[in-house]
Amino acid sequence: MLGGSRGPYSGAVDRGRKGRSGRLKGRALDDGALDDVRRLLGEAPRRRDLLIEHLHKLQDEFGGLTSAHLKALSHEMRLSEAEVFEVASFYHHFDIVKDGTDLPPLTIRVCDSLSCMMAGAEQLIAELETQADPREVRIVRAACQGRCAEAPAAQVGRNEIGHATADGLLAAASAGETAPRPVEGKDLAAYRADGGYRLLEECLKGSRKPEELIATLSDAGLRGLGGAGFPAGRKWEIVRSFAGPRLMTINGDEGEPGTFKDRLFLEQDPHRMLEGALIAAWAVGAERIYLYMRDEYPGVLEVLRRELEVLAATGLTDHAPIELRRGAGAYICGEESAMLESIEGKRGLPRHRPPYIAEKGLFGRPTLNHNIETLFWIRDIIEHGAERFAGHGKDDHSGLRSFSVSGRVRTPGVAILPTGSTIHEIIEACGGMAEGHRLAGFLPGGASGGIFPASMADLPMDFGTFEPHGGFIGSHAVVILSDKDDMRAVALNLLRFFKHESCGQCTPCRVGTEKMVAMLEQGDWDESRLGDLEQVMRDASICGLGQAASNPVRSVLNFFARTSAT
């Protein structure tokens, strides 16, 4: 039983409030559960913004969240039970366990997003459900795990496994191979031996000026590479224009299906990103940095915990201490304001704008937010000059871009190429098309960026290229599709993802994605009805999820109507 041999009510102490009838209201507080919570939280502050971190401690220890533990946590943190429950139930990686029931001791999460579907995820799930003992192993469908180049991907407990097979996953489960496996990239000593943190030290000593750095980044054309593409130098200027105290956040929640570039950067050279973050915080006067990392990257989380502790001991983070926050499985938290809500210990619901987070962000303070790859390039640009970075681009495009490439290519992976490269050039960098496949289409920017035909594979891959055609490059997540792929099945997979990941805050997105999935599952591709639904979702959804969710369907209707007809 979760929580040991105690039942959820054993040793309970009546501390509920009495109503007018004299009856106790609410669930009795379980002393054993309260002891569990206090033991796991230790000396950690009981602040509201740490609620998700504390929920993780309970989930990791007991494999799920019982009602008794949730009540004990709400008591310990002086929060209402409703607040704690609504947060715990919002995130996919928290398992709320009904009283008197037990979850199997181990969970295997299998990615069923597009790249993994193309690599046989459905068959893998079916085999696991047939072969696994449901008393010992729970099989769960999961959204993109960021291992698209190794599809199909899965996690046995916290152990990430690529090119997964049923036999291999069950063997790992049987052998108890469930812990995270950190990838050993450059540690602090190796990074400093290669000149790391010299630039930061120059900044802290006053040898560099914020205005100088801002001008260099602007001249280099560095943009936000999490998807929005906002000029980095301009963002620093805006945040600096608002009165402090200021904060900084790092968005490591790359949940867009097909995206895995940030994971590779963090596995190979995490301090390059961290130095970029510390320089950015210095430049805008941010007094603290919050690094929000997706829970699907347990190996990266382990590396960051270790390296941040070592880095803090050097004093290099004194001007802006870095606090690592762990996501809990919610794609919507890739949206910057939803991420801030999550860091504050709440459900990841996007905020209405204005005000924008540069003016009123985390804890109501002006906040600079960047993604991993944007910060990764800062040291190179400042050390070597704007012209060198900008000169890598093709034609009138500036800089380098990291493309996460999966699907029907010989060697999927991250391709770092000049900005403005074409899909044909990206495929060539990945060894060409997979054997027996002919290019038929591609996703330039993950699930929300649209699906485009092979006839558009010579367009330059950059911000602004696909917007006139109903899509965008976003996070540069490229999924290559072939003549053997059913474009309607591709669109349905992507819409199911959006339905699953809608935060539910606004009706057009919540109901719209559900209705669109139902229509596609029934084979109803009536363009007029789909168009009406699409328009409502675009016009009335609060954030980009609902506004862009219909892009795959619109793309199929516009570009693949004949080839996808059934």
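A salt bridge is counted here when a side-chain nitrogen of Lys or Arg lies within 4 Å of a carboxyl oxygen of Asp or Glu. The model is predicted: local features need pLDDT of at least 70, side-chain atom pairs count only at pLDDT 80 or more, and totals for chains, interfaces and linings use all residues. Residues are numbered from 1 along each chain as its sequence is written, and side-chain values use heavy atoms, with hydrogens and water left out.

The structure holds 54 salt bridges. One of them joins Asp95 and Arg109, whose closest N and O atoms are 3.9 Å apart. This pair links distant parts of the chain, 14 residues apart: Asp95 sits in the loop between α4 (81-90) and β6 (96-97), and Arg109 belongs to strand β7 (residues 106-111). Helices (H or I, at least four residues) and strands (E, at least two) are DSSP runs, numbered from the N terminus.

Two strands pair if DSSP finds at least two bridges between them. In the order β8-β7-β9-β10, 4 strands form an open sheet with mixed pairing. Its edge strands are β8 (137-142) and β10 (159-161), each of which pairs on one side only. From one strand to the next the twist averages 25°; such angles run from 0 to 180 degrees between N-to-C directions, and axes are lines fitted to C-alpha atoms, for helices over the stretch in contact. Strand β9 (residues 154-156) pairs with β10 in the antiparallel sense over 3 bridges, and Val156 stands opposite Asn159 in β10. Helix α6 (residues 121-131) packs on this sheet and touches β7 and β8, its direction making about 160° with that of β7. Contact means heavy atoms within 4.5 Å.

A second open sheet has 4 strands in the order β13-β12-β11-β14, and its pairing is parallel. The edges are β13 (322-326) and β14 (367-371), each pairing on one side only. On average, neighbouring strands of this sheet are turned by 20° against each other, direction ignored. Strand β12 (residues 286-293) runs parallel to β13 and is joined to it by 5 bridges. Tyr292 stands opposite Arg325 in β13. In a regular strand the side chains alternate between the two faces of the sheet.

Helix α13 (residues 270-284) lies across β11 (246-252), β12, β13 and β14, and runs at about 145° to β12. Another helix also meets α13. The axes of helix α9 (residues 198-205) and α13 come within 9 Å and cross at roughly 15°. That angle makes α9 roughly parallel to α13, because angles under 35 degrees count as roughly parallel, over 145 as roughly antiparallel, 65 to 115 as roughly perpendicular and the rest as oblique. The crossing of α9 and α13 is left-handed; a crossing is left-handed if the near helix is turned anticlockwise from the far one by less than a right angle, and right-handed if clockwise. On the α9 side the residues are Arg198, Leu199, Leu200, Cys203 and Leu204, which meet Glu275, Leu278, Ile279 and Trp282 in α13. By class, this contact of α9 with α13 has 7 nonpolar, no polar and 2 charged residues. Here Ala, Val, Leu, Ile, Met, Phe, Trp, Tyr, Cys and Pro count as nonpolar, Asp, Glu, Lys and Arg as charged, and the others, Gly among them, as polar.

Two further helix pairs follow. Helix α1 (residues 31-41) and helix α3 (residues 67-77) have axes that come within 8 Å and cross at roughly 60°. That makes α1 oblique to α3, and the crossing of α1 and α3 is right-handed. Ala33, Leu34, Asp36, Val37, Arg38 and Leu41 of α1 make the contact with Ala68, His69, Ala72, Leu73, His75 and Glu76 of α3. The contact of α1 with α3 has 7 nonpolar, 2 polar and 3 charged residues.

The axes of helix α22 (residues 527-540) and helix α24 (residues 551-559) come within 11 Å, crossing at roughly 145°. The crossing of α22 and α24 is left-handed. Residues Glu527, Leu530, Gly531, Glu534 and Arg538 in α22 meet Asn551, Val553, Arg554 and Leu557 in α24. The classes in the contact of α22 with α24 are 3 nonpolar, 2 polar and 4 charged residues.

One more strand pair remains. Strand β15 (residues 400-407) runs antiparallel to strand β16 (residues 413-418), and 6 bridges join them. A hairpin connects β15 to β16 through 5 residues, and Ser404 stands opposite Val414 in β16.
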